[in-house]
Amino acid sequence: MLGISPQTLRFYEQYGILTHERTGEGGYRQYTDVSMDLLMSLRKCRNCGFTVAQTAEILREEDGGRIGEALEARAETLERQAEMQLRIAKSLRATAVLARRGDEGMDRYEERERPESFAMVVKRAGAKRPEPHAMDQVGIWAEWLPLVRWMIRYQPDDLEAGERPDLGFIVDAQNAAFLGVERLPGIERIPACPCLYTLMRWRTGTGELLDCLRRGAGEAARRGWVLCGAPVVSTLWNAGAKEEPVSRGEFWFPIGK
C-alpha cells in the first residue's frame, strides 16, 4: 500500500521503530493500523531526506521542541539544495546557449566587461606540486561543479614561451557568495575589467590551447589594445574520441590602452 518493500520493513524493525505480529500457517508479518500510522510518519521523514537513523530518532522523540528543531534544520537544508539546483539549471541553460552556437560561434571576438570572479589556484605558474591548501579544497570545489569551472591562466609574458600556467577553479561573484568561497584559504579575487571575449575549441593535451591564446592576444593588438592582465580560460565542456578529446571554453583577454 505504501510502496515499501519487505526488506525495508525488516530494516526498520532492526532499528526498533516498527513492530509486527506473526499469524497464519506461514507466519507472515501482520501490521496493525497503528503500524500503518507509524509507517506514514516514517515515509514522510524519508521523503524529506532524513536518514533511517535520523527518522528513528525523530519517531522516538517525545519533546516537541526538539522535533521542531530537527524539522527546521532539515527545511533549511532543503531550501539550500533547491537554490543549488536552480543555480545549476541556470548554468546549464547558459552553457546550452553556447553549445547551440556550435563551432560557428568560435573565434568571434567581442569587447565585454568580465564580471568579478574568485579563483582557487591548484597549481601555480606551472608548478609540479599543488598549492599547500589545494589538496584539502579540490574535493570541495569538485562538489560545486558546474557552478564553478576549471580555469587555465597564463601571464602575458608566458604566452610566447608556452610555460608556467596557473591551473585551478574559477566562479563568478554571485555564485561565490552563495557557496561561501571567501571562507576558504588561498582564495583570489579577480576584479571586473574590460576584456576581449571569445569562445574557442582546442584538442586537449596538445599545443592548440596556446595557439588559441596567442591568436586572441594578436586580435587584441590588431584592435589597438594591449593585454593589461592574465588571459583566463574557463572550460565549458570536453567531448570527442578518447584518442583526440576536444575542449571548449570561454576566453577572457584583459585589455587596456
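Reader: Which helices and strands each supply at least two residues of the lining of the largest pocket?
Author: In this predicted model, they are helix H4 (64–101), strand S3 (110–114), strand S6 (166–172), helix H6 (173–179), strand S10 (232–239) and strand S11 (246–256). Helices (H or I, at least four residues) and strands (E, at least two) are DSSP runs; a pocket is an open set of 1 Å grid points taking a 1.4 Å probe, with protein on both sides within 12 Å along at least five of seven lines, and its lining has an atom within 4 Å of a point.

Reader: And which gives the most?
Author: H4 does, with 6 residues in the lining of the largest pocket.

Reader: Is S11 covered on one face or both?
Author: Both faces are covered, and 11 of its 11 residues are buried (under 20% relative accessible area, 1.4 Å probe). Val246, Arg248, Glu250, Trp252, Pro254 and Gly256 are on one side, while Ser247, Gly249, Phe251, Phe253 and Ile255 are on the other.

Reader: Which residue stands opposite Arg248?
Author: Trp237 stands opposite Arg248, and S10 pairs with S11 in the antiparallel sense over 7 bridges (pairing needs at least two DSSP bridges). Strand S8 (residues 193–203) also runs antiparallel to S11, joined by 9 bridges, with Met200 opposite Gly249. Strand S9 (residues 226–227) is joined to S11 by 2 bridges, again antiparallel, and there Val226 stands opposite Gly256.

Reader: Switching to helix H5, which residues are buried?
Author: In H5 (residues 134–143) they are Ala134, Gln137 and Trp141. Seen down the helix axis, these buried residues fall within an arc of 65°, so they line one face of H5. On the other side, Met135, Asp136 and Glu143 are exposed (over 50%).

How values were computed:
Residues numbered from 1 in each chain as written. Predicted model: local features only at pLDDT ≥ 70, side-chain atom pairs only at ≥ 80, totals over all residues. Heavy atoms only, no water. Arc of directions from axis to C-beta.
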